[in-house]
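Subject: Structure handover

Hi,

Here is the structure I promised to pass on. My notes follow below it.

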Amino acid sequence: VKEAKHLTLDQIRHLLVSVKDREYGLAIWVQLYLGLRVGELQALKWDDLDLEEGILRIHRTFVRKEMRLRDYPKGRRQHSHRIPVEVLQWLREVKPSAKSEFVVTSTENGMLSYEWYHRSLKRYCKALNLPIIGTHSLRHSTSEMYLSHGASPYDIQTLFAHSSLDVTERYVHNRGESLERISNVIRMFPKCSQTA
């Protein structure tokens, strides 16, 4: 199985800092921090966010092939989860001046255009000398960010609302690479292993 393109933690950080005040910057932040599919990002409305409690509810998606909003996300699994504090702060800042019911929009405050968003993301990656990724690779990068901060594959399954852990396994990159580091720090009986 060919591993999907994704950004490393340092590359994610570089992208986030660089696009903070750029066109589609909020879209990139929201998709990266929340692991949304692009259709879920396009369909995300301010009513779906509880900015006081920091909760996101995903219960619709935009279907590009049909050019319409659908009242349930992929897999028909409506779900909610916490919004990480860094993106939550930015959402709280922009909400009072929002001119649309949608959280992220195109330049005319209409629904986010997939084509322009996709092109902008690739342009930013190229300008920053990052791997040139598409919108779905942002979702793979989300799993990288969460896993590096201690999330388990089961946490990723919940975040992405996957039907099974088998589906989630596609988002768990570099499997086994940290085993050597972990084997050097495991200490169940610290007093007994001081001489080892």
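First, a definition: on a 1 Å grid over the protein atoms alone, a cavity is a set of points where a 1.4 Å probe fits but cannot get out. A pocket is an open set with protein on both sides within 12 Å along at least five of seven lines. Lining residues have an atom within 4 Å of a point. Points are joined across faces, edges and corners, and a volume is the space filled by probe spheres set on the points.

Please keep in mind that this is a predicted model: local features need pLDDT of at least 70, side-chain atom pairs count only at pLDDT 80 or more, and totals for chains, interfaces and linings use all residues. Residues are numbered from 1 along each chain as its sequence is written, and side-chain values use heavy atoms, with hydrogens and water left out.

**Cavity**

The structure holds 1 cavity of 30 Å³ or more. The largest cavity has about 30 Å³ of space. Its lining is E40, A43, L44, D48, R57, I58, H59 and R60. Helix 3 (38-43) and strand 2 (55-58) are the elements that give two or more residues to this lining. Helices (H or I, at least four residues) and strands (E, at least two) are DSSP runs, numbered from the N terminus. By class, the cavity lining has 3 nonpolar, 1 polar and 4 charged residues. Here Ala, Val, Leu, Ile, Met, Phe, Trp, Tyr, Cys and Pro count as nonpolar, Asp, Glu, Lys and Arg as charged, and the others, Gly among them, as polar.

Helix 3 also holds Q42. Q42 is buried, at 2% relative accessible area. (Buried means under 20%, exposed over 50%, partly exposed in between, with a 1.4 Å probe and protein chains only.) A polar atom of the Q42 side chain lies 2.8 Å from the backbone oxygen of L112.

**Second largest pocket**

This pocket has about 460 Å³ of space. It is lined by 22 residues, and L26, V103, V104, T105 and N109 lie nearest its centre. Helix 2 (25-34) and helix 4 (85-94) are the elements that give two or more residues to the lining. The largest share, 3 residues, comes from helix 2. The classes are 10 nonpolar, 7 polar and 5 charged.

**Aromatic rings**

There are 3 aromatic pairs. Rings of Phe, Tyr and Trp (its six-membered ring) pair if their centres lie within 6.5 Å; planes under 30 degrees apart count as stacked, over 60 as edge-to-face and the rest as tilted.

Y24 and Y117 form a tilted pair, 6.1 Å centre to centre with 55° between the planes. Y24 sits in the loop between helix 1 (9-19) and helix 2, and Y117 in helix 5 (residues 114-127), 93 residues apart. Y24 counts as buried at 9% relative accessibility. Y117 is buried too, at 0%.

W29 and W90 have ring centres 5.1 Å apart and planes at 85°, so this pair is edge-to-face. W29 is in helix 2 and W90 in helix 4, so the pair ties together parts 61 residues apart in sequence. Both are buried. Ring pairs link W29, Y33 and W90 into a cluster.

**Charges over rings**

A charge sits over a ring if NZ of Lys or CZ of Arg is within 6 Å of the ring centre and within 35 degrees of the ring normal. R64 lies over the face of Y114, 3.7 Å from the ring centre. R119 lies over the face of W116, at 4.9 Å.

Best wishes

Technical notes. A polar contact is a pair of N or O atoms within 3.5 Å; within protein, one must be able to donate a hydrogen and the other to accept it, and residues adjacent in sequence count only if both atoms are side-chain atoms.
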